[in-house]
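Colleague: I would like to learn how to read a structure such as this one. Could we go through it feature by feature?

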Amino acid sequence: MTIHVKGNTDLGKLNESGSIFQGNDEVVEVTVRDENKEPVDISGANSIEYQISKDGSSEVSKTKSGGGITVTDGTDGKFEVSIASSDTSSLSGSFDHEAEIDLGDISTLFQGSLKIRGTDI
């Protein structure tokens, strides 16, 4: 998944939707880019947060400082969100997911729908 963010605005990309399987280990790869599609240097980010929620209630929360988010190439705007199998083992259905970054100003990188598909195994 590639995300575009325009400078230090609160306008990120909406409708960044996808699906994952319940109880699987997943990695969401994110590249932050500016309006010219150039990478944004995120190596000095004060915080990066990712959340999966339903009806306004957080089900899964990951942060750069608390764990689950790793900046893999800060100068090229790349980070990963690691979702462990235990994070989604009891979840199934439609959820919202969102990421935001603080580079001096807080910007929402993306929002969207996330379908967590149940499994039979």
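Colleague: Is Lys62 buried or exposed?

Modeller: Before that, note that this is a predicted model, in which local features need pLDDT of at least 70, side-chain atom pairs count only at pLDDT 80 or more, and totals for chains, interfaces and linings use all residues. Residues are numbered from 1 along each chain as its sequence is written, and side-chain values use heavy atoms, with hydrogens and water left out. Now the general idea: a residue is buried under 20% relative accessible area, exposed over 50%, and partly exposed in between, with a 1.4 Å probe and protein chains only. Lys62 has 12% relative accessibility, so Lys62 counts as buried. For the chain as a whole, 35% of the 121 residues count as buried.

Colleague: Which residue forms a salt bridge with Lys62?

Modeller: A salt bridge is a side-chain nitrogen of Lys or Arg within 4 Å of a carboxyl oxygen of Asp or Glu. A search of the whole structure finds one. The partner of Lys62 is Asp87, and their closest N and O atoms are 2.8 Å apart. Lys62 is in strand 5 (residues 57-63) and Asp87 in helix 1 (residues 85-88), so the pair ties together parts 25 residues apart in sequence. Helices (H or I, at least four residues) and strands (E, at least two) are DSSP runs, numbered from the N terminus.

Colleague: In what order do the five strands of the open sheet come?

Modeller: Two strands pair if DSSP finds at least two bridges between them. Here the order is 2-9-8-4-5, with mixed pairing. Strand 2 (18-21) and strand 5 are the edge strands, each pairing on one side only. From one strand to the next, the twist averages 30°; for such angles, axes are lines fitted to C-alpha atoms, for helices over the stretch in contact, and angles run from 0 to 180 degrees between N-to-C directions.

Colleague: In which sense do strand 8 and strand 9 pair, parallel or antiparallel?

Modeller: Strand 8 (residues 93-102) pairs with strand 9 in the antiparallel sense over ten bridges. Strand 2 pairs with strand 9 in the parallel sense, over four bridges, and Gly18 stands opposite Leu114 in strand 9.

Colleague: Where does Ser107 lie?

Modeller: Ser107 is in strand 9 (residues 106-117). Ser107 counts as buried because its relative accessibility is 2%. In a regular strand, side chains alternate between the two faces of the sheet.

Colleague: How many bridges join strand 6 to strand 7?

Modeller: Four bridges join strand 6 (residues 69-73) to strand 7, and the two run antiparallel. Val71 stands opposite Phe79 in strand 7. This hairpin has four residues between its strands, and Gly77 in the turn has a positive phi of about 70°.

Colleague: Which residues have the most contacts inside the largest nonpolar core?

Modeller: A nonpolar core is a set of buried Ala, Val, Leu, Ile, Met, Phe, Trp, Tyr and Cys residues joined through side-chain atoms within 4.5 Å. The largest has 23 residues, and Tyr50 and Phe79 have the most contacts inside it. Strand 3 (26-33), strand 4 (47-54), strand 7 (78-83), strand 8 and strand 9 each supply at least two of its residues. Strand 9 gives the most, with four residues. Phe79 touches residues including Val28, Ile42, Val71 and Leu109, not counting those up to four places away in sequence.

Colleague: What joins the side chains of His97 and Tyr50?

Modeller: A polar contact of 2.9 Å. The term means a pair of N or O atoms within 3.5 Å; within protein, one must be able to donate a hydrogen and the other to accept it, and residues adjacent in sequence count only if both atoms are side-chain atoms. His97 lies in strand 8 and is buried, with a relative accessible area of 3%.

Definitions and conventions
Contact means heavy atoms within 4.5 Å.
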